[in-house]
Amino acid sequence: MAEDERQRLAHLSINLQRRASIYNTTRDFFNKQGFLEVETPVRSPAIAPEKEIIPIGSEGWFLSTSPELYMKRLLAAGYDKIYQFSRCFRKGERGRYHNPEFTLLEWYRTDADYEQMMKDTEGLVTTIAGKLDMGTTLRYRGKKIDLRPPWLRLTISETFKKSAGWDPVAEPVAQRFDEDTVLKVIPDLNPNRPTVLMDYPAPMASLARLKPGRKDVAERAEVFIGGLELANAYSELTDRQEQKKRFLEEARQIEQEQNRTAPMPEKFLAVMSNLPECAGIALGMDRLVMLFCDAASIDEVIPFTTDEA
Amino acid sequence: MDISDVHKGTKLMIDNVPYNVEEAEFMKPGKGSAIYRFKLRNLVDGSNLNRTYRSSEKFTGANVSTREGQFLYRDGNHFIFMSTDNYEQYSIDETLLGEKSHFLKEGTIVTTVMLEEKPLDITLPIFVELKVMKSDIATKTDTVTAQMKSATLETGHEIDVPNFIKEGDYIKVDTRTGSYVERVITKK
């Protein structure tokens, strides 16, 4: 047992060193642009109600599923550029690309939209590749991925019509959307280029603002590299009434369909009227490290996954 | 059990048939619902099945174990075995054994797959030695390559054997393919 663990961890050494180096580069990247690194609670009395993200309870509170609401409370108080590495917990999420405890990198900017978040992500990923002496080509799972910006940008409508044969913006059916995303759309993406899918159906972006002039499309964007869903960005919703309405509807479904409690994040809603125009993004650090370590599984970049804890 | 408790190696009942999970893949868009893709092996007939499930799916585990047993005798369609641990006898239907019944002779030690307390299937030794009970006399042909002919084994099963095999000989049979391997010289 002790010998097995010693060998297992020794084998991870190169990846863990690379992981630390990626964290250092990421901090440099944001610090140089005047971002402030912050830390917010891992345990909270209320989180954003999301039907498909099951929280882990902690003495009546919840372990964080994302630091998003705290980040926005900081923005509402006048902070303009913030980032954090945040340990998050999502019940039951375990697989090749998932561990129920994982690390999100989130960053937010005021006076920005989701397109700015994509530019930031392009900058961050190419900076890390440069720092690791990879140039602009990432080799992942036998594929050469050209990291040079701008990355491919495709709307959800056009991608789904091509790969799945229907348009979820016209017909926002959540279950079918989720299934086709993993079974049809992701496998069909260009394997040699990072791809941004953008302009999600409005009901599938509960914290994002609508695209100007559109009632059916939200300014949400997701980054995919090498078949991995890496990051999710929003032009953030700043309308308190609209946000409360969406939260209440989501909470109603959670309580009725799943029989779990979903208390309103009242402290967030209370300051939301002070939230300026802003954009934010959540990026899976474990997956980013996987890409740069050519790791087939998240187990190769986390020393103690839930199975080894 | 919840689908999140299903892993590689978990044994499940699906449509009243026990399956072993050979591979389990968890896929989930960050904001969306999870999908599980399982590669399953039917524990009764060994066939494979690929299935995709949603996260709301519930499963019943299959209470499967293995036990060593010795084949005693055949009683109509029932094959009677004895546990080598506690000498208890149990029977397995010919339909469950399928072609494996062709290679069972008294005394053969097998691994029995048990579902709860019900024997379901056996794993045979890879090679078994069986006596040739009846075989036609080879027709004389002057060829270099071995000519094959049909022979009836002590289990009643017929297989192809080389022309030089005589009634009363013992031969080795590969139970995975059901084919003749070699003549066993020293068997008395």
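Some housekeeping before we start: residues are numbered from 1 along each chain as its sequence is written, chains are lettered from A and ligands numbered from 1 in the order in which they are written. The model being predicted, local features need pLDDT of at least 70 and side-chain atom pairs count only at pLDDT 80 or more, while totals for chains, interfaces and linings use all residues.

Let's begin in chain A, with helix α1 (residues 2–32) and helix α3 (residues 114–131). Helices here are DSSP runs of H or I with at least four residues, strands are E runs of at least two, and both are numbered from the N terminus. The axes of α1(A) and α3(A) sit 10 Å apart, and the helices pack at an angle of about 130°. The axes are lines fitted to C-alpha atoms, for helices over the stretch in contact, and angles run from 0 to 180 degrees between N-to-C directions. That makes the two helices oblique to each other; under 35 degrees would count as roughly parallel, over 145 as roughly antiparallel, and 65 to 115 as roughly perpendicular, with the rest oblique. The crossing of α1(A) past α3(A) is right-handed, meaning that the near helix is turned clockwise from the far one by less than a right angle.

Which residues do the meeting? From α1(A) come Ile22(A), Thr25(A), Thr26(A) and Phe29(A), and from α3(A) come Leu124(A), Thr127(A), Ile128(A) and Lys131(A). Contact means that the C-beta atoms, placed from the backbone, lie within 7 Å. By type, this helix contact has four nonpolar residues, three polar and one charged. For that count, Ala, Val, Leu, Ile, Met, Phe, Trp, Tyr, Cys and Pro are nonpolar, Asp, Glu, Lys and Arg are charged, and the others, Gly among them, are polar.

Further along chain A, look at helix α5 (residues 174–185). Its buried residues are Phe177(A), Asp178(A), Glu179(A), Thr181(A), Val182(A) and Val185(A). Buried means 20 or more other C-beta atoms within 10 Å of the residue's own, exposed means 12 or fewer, and partly exposed is in between, with C-beta atoms placed from the backbone. The cover over these residues includes α4 (156–163) of chain A, together with β2 and β3 (35–42) of chain B.

That brings us to where the two chains touch. Eleven residues of chain B are in contact with 17 residues of chain A. On the chain B side, strand β2 (residues 17–27) gives the most, with three residues. This side of chain B divides into four nonpolar, four polar and three charged residues.

Now for the sheets of chain B. One is an open sheet of five strands in the order β8-β7-β6-β9-β10, with antiparallel pairing; strands pair if DSSP finds at least two bridges between them. At its edges stand β8 and β10 (118–123), each with a single partner strand, so one side of each has no neighbour in the sheet. Strands β7 (residues 78–83) and β8 (residues 89–93) are joined by five bridges, with Met82(B) partnering Gln89(B). In their hairpin, which has five residues between the strands, Tyr87(B) takes a positive phi near 60°.

In the loop between β13 and β14 you'll find Gly168(B), which is exposed, with 10 other C-beta atoms within 10 Å.

Most residues other than glycine have a negative phi, and most peptide bonds are trans. Glu59(A), in the loop between β3 (57–58) and β4 (61–63), has a positive phi near 50° and counts as exposed, with 5 C-beta neighbours inside 10 Å. Arg141(A) has a positive phi of about 50° and is partly exposed, with 14 other C-beta atoms within 10 Å. The peptide bond from Pro149(A) to Pro150(A) is cis, with omega near -5°.

Terms used. Two residues are in contact if their C-beta atoms, placed from the backbone, lie within 7 Å.
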